[in-house]
Amino acid sequence: MNLDIDVRVDCYCEPPNGTDLLNSTTNWTILSKHACKEYGGTLHGLGCQYYADVFLFSVLLFISTFTLAVFLKDFKTTSYFPTSIRALVSDFAVVISIMLMTVTDMLLGLDTTPKLEVPQKFEPTWEGRGWLIPMLGRNPWWTTLAAAAPAMLATILIFMDQQITAVIINRKENKLKKGCGYHLDLLVLSVLIAICSVLGLPWFVAATVLAMTHVNSLRMESESSAPGEKPQFLGVREQRLTQVFIFLLVGLSVFFTPVLKRIPMAVLYGVFLYMGVSSLKGSQFFDRILIMFMPQKYQPDYMFLRHVPTMRVHLFTLIQLTCLVCLWLIKSYKPSSIAFPLML
């Protein structure tokens, strides 16, 4: 909170005991809160107990970040500015939203809003360990054999997570031209997990939401269409340049800690919500949930509705939704969360 706000009528500065007010050159009645504390004075009044509503402001940052990201992402479909500028704003919608909301938080001077916690030094976060994790450490030898059971569960979970994400990305609706590499992905992933285990780092796993968001950001659509007609999906820009720059910037982020630690957590939560909502675009499961609330004459002309009765589609969707809820409950309850890979 900024302490340099002028003292109001209901908040005044009282000089310390023994101060000669007649010969003093300091006007104690107009001192700011910060100056009053520097001179050793005491603040009195209800106005001195003012605290910014951090929770409300965090909610506003959260909603504003999400809304602004959605608006800027759809900016390319508007009629303002040339096509190149609209495409540029749409491509960097998330970055622009983060920058604007972070600057807003800085200008208001609310230092009490939760910020992103970033380590100040490039070293292990726990002082009691080094860079390499010993194979056994202080554990007895039989823990190596006992670790086989949870390792098998982790293997199933990683395998399913990787393969499910790969299947979603390589589905026919994305119109990908280059072949997929399911086995190569697993090989690279296993090597990276082994290295991370030795260093005590978090494992590399397939980020389904991030992968879907990345594919959606590379979508190509027709530029010319009839009035009121949606642009036609042409395919995905298949290249490796964005992946290289993404992980290059992730590595260079260790040098940006003075900037990253100023980003409010509410802004990041708004970005996460945007990523989750944007990944639902084009999801058949989400489309089938929506048509459950539509009269049949207003339902879109989906391919699966041409070959399968509507009630059968709704039944299949309800079964999937029930399984999703069960998996979420199992994962959320700690005693049963270990069985999550088996339920998959």
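**Salt bridges and a helix pair**

A search of the whole structure turns up two salt bridges. By that I mean a side-chain nitrogen of Lys or Arg within 4 Å of a carboxyl oxygen of Asp or Glu. Keep in mind that this is a predicted model: local features need pLDDT of at least 70, side-chain atom pairs count only at pLDDT 80 or more, and totals for chains, interfaces and linings use all residues. Numbering runs from 1 along each chain as its sequence is written, and side-chain values use heavy atoms, with hydrogens and water left out.

Take Lys115 and Asp105. Their side chains meet in a salt bridge, 3.3 Å from N to O. Lys115 lies in the loop between α4 and α5 (143-146) and Asp105 in helix α4, so the pair ties together parts 10 residues apart in sequence. Helices here are DSSP runs of H or I with at least four residues, strands are runs of E with at least two, and both are numbered from the N terminus.

Is Asp105 buried or exposed? Asp105 is buried, with a relative accessible area of 2%. Lys115 is partly exposed, at 22%. The cut-offs: buried is under 20% relative accessible area, exposed is over 50%, partly exposed is in between, with a 1.4 Å probe and protein chains only.

Next, Asp301 and Arg306. Their closest N and O atoms are 2.6 Å apart, in a salt bridge. Both residues are exposed.

Back to α4. Helix α2 (residues 54-73) packs with helix α4 (residues 93-108) at about 150°, axes 8 Å apart. Axes are lines fitted to C-alpha atoms, for helices over the stretch in contact, and angles run from 0 to 180 degrees between N-to-C directions. The two helices are therefore roughly antiparallel, a label for angles over 145 degrees. Which residues of α2 and α4 make the contact? Among them are Phe57, Leu61 and Leu68 of α2, and Ile96, Leu100 and Asp105 of α4. Contact means heavy atoms within 4.5 Å.

Now helix α8, residues 208-217. Its buried residues are Met212, Thr213, His214, Val215 and Asn216. They pack against α6 (148-169), β3 (219-221), β4 (233-236), α9 (241-252) and α11 (265-279).

Last, one backbone point. Most residues other than glycine have a negative phi. Phe81 has a positive phi, near 65°. Phe81 sits in the loop between α2 and α3 (83-91). Phe81 is exposed, with a relative accessible area of 56%.

Note on methods
Angles under 35 degrees count as roughly parallel, over 145 as roughly antiparallel, 65 to 115 as roughly perpendicular and the rest as oblique.
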